[in-house]
Amino acid sequence: RKKLVSYMNAYEVNILLGSDAPQVFDVPGFSVHQELKYYVESGMTPYEALRTGTSNVGRFLKRDDIGRIRTGARADLILLDENPLLSIDNTKKIAGVMAEGRWYSKEFLQDQLEQIKRSNQQ
């Protein structure tokens with residue numbers, strides 16, 4: 001599988017995060033980190049792996065307002081505490097998320113996860 005991903009990347013196939021890597025357990029919000037790591041293990045640079053969830057998505061959807069940071073683009077962003085270009089594992093170090101024009105801090109996100117955990121334990 002890694003060889004296939006490597007060949008796809010070498011031949012500039014626009015791989016999309018969340019749909020192209022083999023995942024046994026797909027847990028939204030968590031499995032993408034493993035998928036990004038898998039892409040890097042398959043020979044992609046961290047930058048190429050990150051494009052699978054940003055600019056490649058915009059190109060696939062034929063939308064220039066997705067996957068880019070520029071005037072007029074959607075303001076859905078993840079702010080990280082450390083540079084993911086140095087290590088793809090840094091995508092797990094989330095300082096906060098901007099979604100639909102609203103800021104969600106790391107503390108808020110952690111609180112939401114705890115609420116989900118508690119409700120699933122009942």
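Colleague: Helices (H or I, at least four residues) and strands (E, at least two) are DSSP runs, numbered from the N terminus. With that settled, which loop is Tyr 11 found in?

Modeller: This is a predicted model, to start with. Tyr 11 is in the loop between α1 (2-10) and α2 (31-41).

Colleague: Is Tyr 11 buried or exposed?

Modeller: Exposed, because the relative accessibility of Tyr 11 is 67% and the cut-off for exposed is over 50%.

Colleague: Which residues form a nonpolar patch on the surface?

Modeller: Tyr 7, Tyr 11 and Val 13. Together they have about 370 Å² of accessible area.

Colleague: What about Glu 12? Where does Glu 12 lie?

Modeller: In the loop between α1 and α2, where Tyr 11 is also found. The phi of Glu 12 is near 60°. That is a positive value, in a residue other than glycine.

Colleague: And why does Glu 12 count as exposed?

Modeller: Glu 12 has a relative accessible area of 68%, so it passes the cut-off of over 50%.

Colleague: Let's zoom out. How many helices and strands are there in the protein?

Modeller: There are 5 helices and 3 strands. Along the sequence, the pattern reads α-α-α-α-β-β-β-α.

Colleague: What does the C-alpha trace span along its principal axes?

Modeller: About 45 × 35 × 25 Å. The protein has 122 residues, and 24% of them are buried. Its accessible surface comes to about 8,700 Å². Carbon and sulfur atoms account for 55% of that surface.

Colleague: Take contacts between residues at least 6 apart in sequence. What share of them join residues at least 24 apart?

Modeller: 36% of those contacts do.

Colleague: On to the sheet. What is the order of the strands?

Modeller: β1-β2-β3, in an open sheet with antiparallel pairing. The edge strands are β1 (77-80) and β3 (102-105), and each of them pairs on one side only. From one strand to the next, the twist averages 20°.

Colleague: What do strands of a sheet pair through, in general?

Modeller: Through backbone hydrogen bonds, and the pairing is either parallel or antiparallel.

Colleague: How many bridges join β1 to β2 here?

Modeller: 4 bridges, and these two strands run antiparallel. β2 covers residues 94-99, and it pairs with β3 in the antiparallel sense, also over 4 bridges.

Colleague: Which residue stands opposite Leu 79?

Modeller: Gly 96 in β2. Gly 96 has a bridge partner in β3 too, namely Ser 105. Another bridge links Ala 99 with Arg 102 of β3.

Colleague: How many residues lie between β2 and β3 in their hairpin?

Modeller: 2 residues. Glu 100 is in that turn, with a positive phi of about 50°.

Colleague: Is Glu 100 buried or exposed?

Modeller: Exposed, because its relative accessibility is 72%. So the loop between β2 and β3 holds Glu 100, and Glu 100 is exposed.

Colleague: Now a residue in β2. Is Ala 95 buried or exposed?

Modeller: Buried. Ala 95 lies in strand β2, and its relative accessibility is 18%. The cut-off for buried is under 20%, so Ala 95 falls within it.

Colleague: Leaving aside neighbours within four places in sequence, which residues is Ala 95 in contact with?

Modeller: Leu 79, Leu 80, Asp 81, Trp 103, Ser 105 and Lys 106. Take Lys 106 from that list. Ala 95 and Lys 106 are 11 residues apart in sequence. In space they are 5.1 Å apart, C-alpha to C-alpha.

Colleague: Which strands does helix α5 lie across?

Modeller: β2 and β3. Helix α5 covers residues 106-121 and runs at about 70° to β3.

Colleague: Last topic, α2. Which residues of α2 are buried?

Modeller: Ser 31, His 33, Glu 35, Leu 36, Tyr 38 and Tyr 39.

Colleague: What do the buried residues of α2 pack against?

Modeller: Against α1, α3 (46-51) and β2.

Colleague: And which residue takes a positive phi just after α2?

Modeller: Gly 43, with a phi of about 115°.

Key
Residues numbered from 1 in each chain as written. Predicted model: local features only at pLDDT ≥ 70, side-chain atom pairs only at ≥ 80, totals over all residues. Heavy atoms only, no water. Patch = residues over 30% accessible without salt bridge, like charges linked within 9 Å, V, L, I, M, F, W, Y side chains within 5 Å. Areas by Shrake-Rupley, 256 points an atom, 1.4 Å probe, with all protein chains shown as cover. Salt bridge = Lys/Arg side-chain N within 4 Å of Asp/Glu carboxyl O. Buried < 20%, exposed > 50% of the residue type's maximum accessible area, 1.4 Å probe, protein only. Pairing = 2+ DSSP bridges. Axes fitted to C-alpha atoms, helices over the stretch in contact; angles between N-to-C directions. Contact = heavy atoms within 4.5 Å.
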